[in-house]
Amino acid sequence: MTTQTPRHVLIAGAGIGGLTLACALRRAGHTVTVFERADALRWVGAGIIVQMNAAVALRRIGLSDAVAAAGASPTASAILRPSGATITRLPIQRLQQELGVPMTCLHRARLQGVLLEHAGSENVRLGLAVTGFRTDDHQVTVTLSDGSTVAGDVLVGADGLRSAVRSGLLGDAPLRYSGYTSWRGISPEVPSARPGHVSETWGRGARFGVVPIGFGQVYWYATLNAPPGGQDAPGTTRSRLQEVFRGWHAPIAELLAATPEDAIVRTDIHDRPPLQRWSHGRVTLLGDAAHPMTPNLGQGGCQAIEDAVVLSECLSTDADVTRALITYEQRRRERANQLVLRSWRLGQLAQMESPTGRFLRDSLFRLVPSGLAARGVRELVRSAG
């Protein structure tokens with residue numbers, strides 16, 4: 001700590017970004033209060049890959065080892081065709097060894113559990129959402145969903161894609177629909193799944209991802225081009241996915257068969273065009289509230305982690321709150337916004353339906369040397385430091 005006095009930071013949202021920020025701020029000697037609209041932090045059927053760049057950030061706040069112990073480290077990563085033929089591979093195990101930092105695949109709830117332990121559950125107020133705020137030169141006061149108010153030195157909107165703090169700070173703006181929807185599930189390990197092998201398979205306007213997450217579980221996700229707002233009739237989700245991915249390589253059919261119908265979550269994929277401003281006065285945004293991105297690069301949660309660590313550093317080294325938030329925004333904006341754009345473009349390529357377009361795309365990816373792809377990972381990891 002180099003600021004004269006510890007600050008009281010109010011955080012809207014107990015997702016990955018909000019809890020990571022709480023951990024980092026507590027480690028730096030600040031007081032935090034996290035407001036979460038859900039009345040409990042539940043086990044949602046989804047996984048996450050904490051990429052190596054996010055692990056670099058977690059190492060700065062002493063949490064990299066704890067997160068790594070909560071999941072599994074992959075040994076191979078590939079993009080495949082529905083037949084199982086390889087489009088491209090990434091030497092992920094060698095990169096982890098070379099860079100000296102882990103990549104961890106884990107259940108989101110396990111990551112959330114690690115973060116909650118270090119953030120302190122006593123600092124998280126469940127069943128309360130930030131619905132508004134007002135600021136002056138000395139403090140920010142939030143209004144909560146039960147009508148009560150709480151004052152602090154800083155407010156951070158880490159309340160996700162449909163952030164109330166963002167709306168109050170920047171006004172309402174429509175989401176940008178990607179053109180495809182998604183399904184996610186957690187399956188027990190099946191015989192045809194290869195331990196440590198992470199893959200994404202590209203078909204005609206559809207994809208299927210396989211991510212072993214340790215503890216006898218495999219996280220999977222699927223995407224399909226579809227109009228926005230669609231829903232599956234009750235009891236038909238799994239059978240629909242089995243039809244869409246019929247004939248695709250193992251272990252896809254086994255994973256779907258092993259996942260309970262009511263454990264499959266469907267979500268339309270949205271983002272927002274990048275912003276040049278996230279902060280005003282004593283209020284700022286973090287993670288999806290600031291720069292929501294499609295999941296195609298696996299960087300949404302990872303960039304929220306990076307945001308949290310950098311924001312904590314800025315608040316801990318500058319006695320002026322407004323200046324600290326400006327510095328945070330300057331350090332983070334270009335990197336996060338570039339990833340928003342790159343993720344959007346990759347999604348449009350991966351969801352192609354045209355046979356000619358898919359042939360050209362797959363041919364191009366096959367021609368890219370694995371060393372060039374590895375160089376991109378190295379740059380992302382090294383720049384996170």
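The legends below describe close-up views of a predicted model.

Residues are numbered from 1 along each chain as its sequence is written. Because the model is predicted, local features need pLDDT of at least 70 and side-chain atom pairs count only at pLDDT 80 or more, while totals for chains, interfaces and linings use all residues; side-chain values use heavy atoms, with hydrogens and water left out.

**View A. Helix α2 packs against helix α12.** Helix α2 covers residues 52–60 and helix α12 covers residues 370–384; helices are DSSP runs of H or I with at least four residues, strands are runs of E with at least two, and both are numbered from the N terminus. The two axes lie 8 Å apart at an angle of about 15 degrees, which makes α2 roughly parallel to α12. Axes are lines fitted to C-alpha atoms, for helices over the stretch in contact, and angles between N-to-C directions run from 0 to 180 degrees. Angles under 35 degrees count as roughly parallel, over 145 as roughly antiparallel, 65 to 115 as roughly perpendicular and the rest as oblique. The crossing of α2 and α12 is right-handed (the near helix is turned clockwise from the far one by less than a right angle; anticlockwise is left-handed). M52, N53, V56 and R60 of α2 meet V377, L380, V381 and A384 of α12, where contact means heavy atoms within 4.5 Å. Six nonpolar, one polar and one charged residues form this contact. Ala, Val, Leu, Ile, Met, Phe, Trp, Tyr, Cys and Pro count as nonpolar, Asp, Glu, Lys and Arg as charged, and the others, Gly among them, as polar.

**View B. Helix α2 also packs against helix α9.** Here the axes are 9 Å apart and the angle is about 30 degrees, so α2 and α9 are roughly parallel to each other. The crossing of α2 and α9 is left-handed. From α2, the contact involves N53, A54, A57, L58 and R60, and from α9, C302, Q303, I305, E306, V309, V310 and E313.

**View C. D318 occupies the loop between α9 and α10.** Helix α9 spans 300–317 and helix α10 spans 321–350. D318 counts as buried because its relative accessibility is 12%; buried means under 20% relative accessible area, exposed over 50%, and partly exposed in between (1.4 Å probe, protein chains only). The side chain of D318 reaches the backbone nitrogen of D320 at 2.9 Å, and a polar contact of 2.8 Å links the side chains of D318 and R323. A polar contact is a pair of N or O atoms within 3.5 Å; within protein, one must be able to donate a hydrogen and the other to accept it, and residues adjacent in sequence count only if both atoms are side-chain atoms.

**View D. L256 is a buried residue of helix α8.** Helix α8 comprises residues 252–258, and L256 has 2% relative accessibility. Apart from neighbours within four places in sequence, L256 contacts F208, W220, R238, L241 and Q242.

**View E. Two loops show backbone features of note.** Most residues other than glycine have a negative phi, and most peptide bonds are trans. A250 and P251 are joined by a cis peptide bond with omega of about 10 degrees; P251 lies in the loop between α7 (237–244) and α8. F215, which is not a glycine, has a positive phi of about 60 degrees and sits in the loop between β14 (206–214) and β15 (217–225).
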